[in-house]
Amino acid sequence: MSRNSIDSLLLETRRFAPPPEFAANAIADADLYERAAQDRVQFWADTARELLHWHDPFTQTLDWSNPPFAKWFADGTLNVAYNCLDRHVLAGHGDRVAFHWEGENGDTRTLTYAELTAEVKKAANLLAALGIHQGDRVAIYLPMIPEAVISMLAVARLGAVHSVVFGGFSSESLRSRIDDAQAKLVITADGGWRKGKVFPLKDAVDGALANGTSTIEHVLVVKRGNNDVEWTEGRDLWWHDEIVTMDAEHTAHAFEAENPLFILYTSGTTGKPKGILHTSGGYLTQVAFTHKNVFDLHPETDIFWCTADVGWVTGHSYVVYGPLANGATQVIYEGTPDTPHAGRWWELIEKYGVTIFYTAPTAIRSFMKIGRQVPNQFDLSSLRLLGSVGEPINPEAWIWYRDVIGGGHTPIVDTWWQTETGAIMISALPGLTTLKPGSAQVPIPGIKIDILGDDGTRVDPPRGGLLVVSEPWPSMLRGIWGDPDRFRETYWSKFSDLPESSSSGASATAPGQIRYFAGDGAHVDTDGDIWLLGRVDDVMNVSGHRLSTTEIESALVSHPIVAEAAVVGAADEASGQAVVAFVIIKSNQQHAQTADEASALLRDHVVGQIGAIARPKRVFIVAELPKTRSGKIMRRLLQDVAEGREIGDTTTLADSTVMQIISDKLR
């Protein structure tokens with residue numbers, strides 16, 4: 001990365017100390033960092049005992065004798081669903097609301113902890129009646145409805161393994177995940193509401209099972225959309241017909257802490273999707289700890305809303321397991337933020353008095369494009385903490401989020417973590433940390449992060465490099481399902497002295513010599529704070545200079561006419577790669593200049609912000625960007641267009657017509 005690029009990243013000088021009242025009542029205190037620094041492993045042992053109920057206490061905290069295969073709390077036993085449900089009821093909190101659910105079409109449902117516990121017990125009895133036992137895999141392909149949470153917890157209650165597949169994936173994607181996990185059961189719905197219409201789900205399941213060779217024995221179908229579905233007698237069962245006959249009593253048996261909890265598939269750059277495996281005790285410890293401390297959770301008074309779908313890891317960790325383990329009250333919403341109107345999310349915050357709100361930078365930038373006049377129509381004064389997740393947030397979006405949504409005073413926690421890490425790894429603690437817009441800031445207590453050069457040498461601040469996790473952590477992935485060699489190669493080979501095979505159960509590699517490479521670039525400043533630069537494969541090499549696409553996007557969005565930007569590196573004969581930008585202009589600025597004038601203006605703006613080496617070769621003004629239903633920009637498709645190729649697979653896009661419009665415009 002060029003010197004100019006690094007300098008531009010650190011030009012952000014705005015700082016925000018915790019509001020005094022917030023700091024005075026904060027859950028986290030500085031003692032957390034001190035305790036973790038003194039004895040990291042003991043810190044996690046104390047945390048696990050404090051936050052979770054153990055049926056059989058553990059005596060060994062960490063077994064790292066066979067890296068990279070860690071075991072946390074291995075001789076202890078617990079039940080994940082019991083920790084999320086029964087113990088709160090037994091403690092006298094059964095009347096506390098677990099979640100307020102809001103359907104896109106206006107349907108609502110509120111479930112207390114006692115009611116949710118009863119529903120999960122009935123669902124567990126149903127799954128057991130269908131032959132689901134400890135270790136069996138269950139695929140869940142549902143919209144954001146209560147049954148999605150109920151299904152996940154019922155599977156966990158039985159010691160089985162769920163594999164949640166996001167409802168936007170195609171039947172072929174669903175098939176590959178079912179086949180890889182060798183699932184016995186699929187739980188789906190007839191359809192779900194999205195953008196004012198019902199989208200079919202059961203049809204995709206039928207397509208995934210069409211070849212007749214699947215391991216699936218039954219398909220449980222929740223009635224949500226009231227749309228017509230095909231039916232296979234003997235295999236397909238209506239959820240409502242089956243659940244009504246089930247007993248609301250079910251004993252939660254304890255399982256070993258390393259009992260698999262879920263497989264969640266992530267797309268690889270090549271080859272089949274990777275089935276990321278997480279287990280029970282360590283995962284639940286870290287999601288409960290981070291949810292409590294990063295979000296400053298006061299369960300008696302807070303209303304928490306994480307906007308993620310349970311089809312993604314953010315939904316697993318901060319809609320289901322972390323909040324419910326902590327006895328939190330939540331909002332869960334089925335639909336999109338702009339249906340039936342552009343202020344839908346703000347309307348729900350006002351309606352339910354949401355106090356903690358956690359969403360993605362992509363959504364924030366979309367709201368910026370619309371303008372502050374929409375959220376200004378709603379009372380957002382209940383909010384006391386905001387969170388960001390999914391990708392680095394540029395400083396201007398951070399400031400807009402704080403000023404417009406947070407009333408100019410609400411702290412923001414910018415969180416870095418991954419499907420593979422299971423839980424938040426880097427974040428401010430809002431009652432302690434002086435916040436820097438655009439910086440994820442510091443590792444959470446008990447997490448060891450380093451920034452390394454390509455040769456594995458730790459970089460001295462202020463410098464950039466590659467982000468690694470240097471010590472095992474409780475919620476770490478335990479492998480890639482069925483493929484230990486791919487696990488080693490993908491995550492542990494870059495900075496490792498690990499022997500080619502460690503299957504014997506012992507390794508000569510000492511702890512600390514093997515490091516997890518996250519795949520992200522990062523910069524560490526003179527305060528020791530971390531600034532994420534995005535995926536290393538989102539770093540371009542322009543005439544020998546490494547340039548972060550995230551950094552150039554931030555420079556573009558910092559211009560007052562820009563609502564959102566995506567940058568890709570396109571093959572270029574002269575420079576190896578050239579910077580190509582796709583930019584959405586704010587609605588109130590769209591007629592101020594022509595597209596050519598805006599393009600020239602923004603190319604010069606990037607030069608001023610970063611340097612001439614980062615000047616985009618082309619800036620295309622577009623109406624929309626290609627995004628998945630979870631809000632991630634599909635830069636791969638933009639690169640296809642920029643390099644003149646046929647557009648790749650668009651099945652995961654929220655609006656598959658966007659790429660055709662962009663392609664036609666550019667052509």
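The largest nonpolar core of this predicted model holds 170 residues, and those with the most contacts inside it are L116, L153, Y321, W346, F357 and L467; a nonpolar core here is a set of buried Ala, Val, Leu, Ile, Met, Phe, Trp, Tyr and Cys residues joined through side-chain atoms within 4.5 Å, where buried means under 20% relative accessible area, exposed over 50% and partly exposed in between (1.4 Å probe, protein chains only). Because the model is predicted, local features need pLDDT of at least 70 and side-chain atom pairs count only at pLDDT 80 or more, while totals for chains, interfaces and linings use all residues. Residues are numbered from 1 along each chain as its sequence is written, and side-chain values use heavy atoms, with hydrogens and water left out.

- Another core lies apart from it and has 22 residues, among them I552, A565, A598 and A614.
- L467 touches residues including W416, I449, Y516, F517 and L532, not counting residues up to four places away in sequence, with contact meaning heavy atoms within 4.5 Å.

**Q589 and its surroundings**
- Q589 lies in the loop between β29 (576–585) and α19 (595–609), and it counts as partly exposed because its relative accessibility is 23%.
- Q589 touches P560 and I561, not counting residues up to four places away in sequence.
- Between Q589 and A563 the C-alpha to C-alpha separation is 9.7 Å, although they are 26 residues apart in sequence.

Terms used. Helices (H or I, at least four residues) and strands (E, at least two) are DSSP runs, numbered from the N terminus.
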